[in-house]
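Subject: Handover of the structure

Hello,

Please take over the structure shown below. My notes on what turned up follow after it.

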Amino acid sequence: MTVGYVAYLILALLVIMFLSAAIRILREYERGVIFTLGRFTGVKGPGLILLVPFIQQMVRVGLRVVVQDVPPQDVISRDNVSVKVNAVLYFRIVDAERAIIQVEDFMTATNQLAQTTLRSVLGKHELDEMLAERDKLNSDIQEILDQRTDAWGIKVSNVEIKHVDLNESMIRAIAKQAEAERLRRAKVINADGEQQAAAKLVEAGRMLAAEPQAMQLRYFEALHDIAGERSSTVVFPLPVDLLSQFLKEK
């Protein structure tokens, strides 16, 4: 009896070991790349997967979007400015077979390719373009990465440049440039205002010259404005034309 119980126990253990080695459960976002005696035989999942123990092996592959941080890269722009740039990479696997067979470690390979592409693309642009045209640069980097990773069964959906770090001297130079630009705009606006004011004064002078009485009325209006300030004494010339009528009457 004891020998029979031991035999049944050993048989039960063998069955449990067989089932544990044969049964695999894949989630909805997972796929299993199956190898039979080392040869690729298909992609299975999701759900319950049965394998032949010791003959078939399975490699799990996730299909969800992967977010990777691209480390800061030293980039020299086209106008010879040294900057540090880092980015965020979004990609996912669309072909589990190629992601496992065509490249040894698709995560590391994609990250390294993103670093080299980031340096290559940004090195072709000037600093002002890096700061002002990030959307265009993001699109260019994403397109290049997507083309190069297509052979690995990877789809790069987006690349976002996070920071463009400058040294202190370059920050001060950019601040001086911005200040000079603001001063230039202020001078241009002031000159435009003077030009418009001069044009209006010339037009007003022509109108006043056509009617001498209008000049006298403008003169009285100016005196009225000055008289409103009672804190000072105002001495003003009196036009002889105003007294001519009185002199004729006498």
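Tyr5 is exposed, since its relative accessible area is 58%, and the cut-off for exposed is over 50%. Keep in mind throughout that this is a predicted model.

**The nonpolar patch**

Tyr5 sits in helix H1 (2–22). Tyr5 is also one of the residues in a nonpolar patch on the surface, together with Tyr8, Leu11, Val15, Phe18, Leu19, Ile23, Ile25, Leu48 and Leu50. The accessible area of these residues together is about 1100 Å². Which element gives the largest share of the patch? H1 does, with six residues. At least two patch residues come from each of helix H1, strand S1 (23–26) and strand S4 (47–50).

**Backbone points in the loops**

Three loops are worth a look. In the loop between strand S2 (30–36) and S3 you will find Leu37. Leu37 is not a glycine, yet its phi is positive, at about 55 degrees. With a relative accessible area of 68%, Leu37 is exposed.

The loop between strand S3 (39–44) and S4 holds Pro46. The peptide bond that leads from Gly45 to Pro46 is cis, and its omega is near 0 degrees.

Phe54 belongs to the loop between S4 and strand S5 (56–62). Phe54 too is a residue other than glycine with a positive phi, here near 70 degrees. Is Phe54 buried or exposed? Its relative accessibility is 81%, so Phe54 counts as exposed.

**Salt bridges**

How many salt bridges are there? The count comes to 10. Among them is the one between the side chains of Asp69 and Lys162, at 3.4 Å from N to O. Asp69 is in strand S6 (residues 66–76) and Lys162 is in strand S8 (residues 154–165), so this pair ties together parts that lie 93 residues apart in sequence. Both ends are partly exposed: Asp69 has a relative accessible area of 44%, and Lys162 has a relative accessibility of 35%.

Strand S6 also holds Asp74, whose side chain meets that of Lys84 in a salt bridge of 2.6 Å, N to O. Because Lys84 lies in strand S7, this pair ties together parts 10 residues apart in sequence. Asp74 is exposed, at 51% relative accessible area, while Lys84 counts as partly exposed, at 38%.

A further salt bridge joins Asp95 and Arg98, whose closest N and O atoms are 3.0 Å apart. Asp95 counts as partly exposed at 23% relative accessibility, and so does Arg98 at 28%.

**The cavity**

Searching the whole structure gives one cavity of 30 Å³ or more. The space in the largest cavity is about 30 Å³. Which residues line it? The lining consists of Val70, Ala87, Leu89, Ala114, Leu118, Ile141, Leu145 and Val159. Strand S7 (82–93), helix H3 (106–122) and helix H5 (134–149) are the elements that give two or more residues to this lining. By class, the lining has eight nonpolar residues, with no polar and no charged ones.

Regards

Key: Residues are numbered from 1 along each chain as its sequence is written. This is a predicted model: local features need pLDDT of at least 70, side-chain atom pairs count only at pLDDT 80 or more; totals for chains, interfaces and linings use all residues. Side-chain values use heavy atoms; hydrogens and water are left out. On a 1 Å grid over the protein atoms alone, a cavity is a set of points where a 1.4 Å probe fits but cannot get out, and a pocket is an open set with protein on both sides within 12 Å along at least five of seven lines; lining residues have an atom within 4 Å of a point. Grid points are joined across faces, edges and corners, and a volume is the space filled by probe spheres set on the points. Helices (H or I, at least four residues) and strands (E, at least two) are DSSP runs, numbered from the N terminus. Ala, Val, Leu, Ile, Met, Phe, Trp, Tyr, Cys and Pro count as nonpolar, Asp, Glu, Lys and Arg as charged, and the others, Gly among them, as polar. Patches are made of residues with over 30% relative accessible area and no salt bridge: like charges are joined within 9 Å, nonpolar side chains (Val, Leu, Ile, Met, Phe, Trp, Tyr) within 5 Å. Accessible areas come from the Shrake-Rupley method with a 1.4 Å probe; for residues, only the protein chains shown count as cover. A salt bridge is a side-chain nitrogen of Lys or Arg within 4 Å of a carboxyl oxygen of Asp or Glu. Buried means under 20% relative accessible area, exposed over 50%, partly exposed in between (1.4 Å probe, protein chains only).
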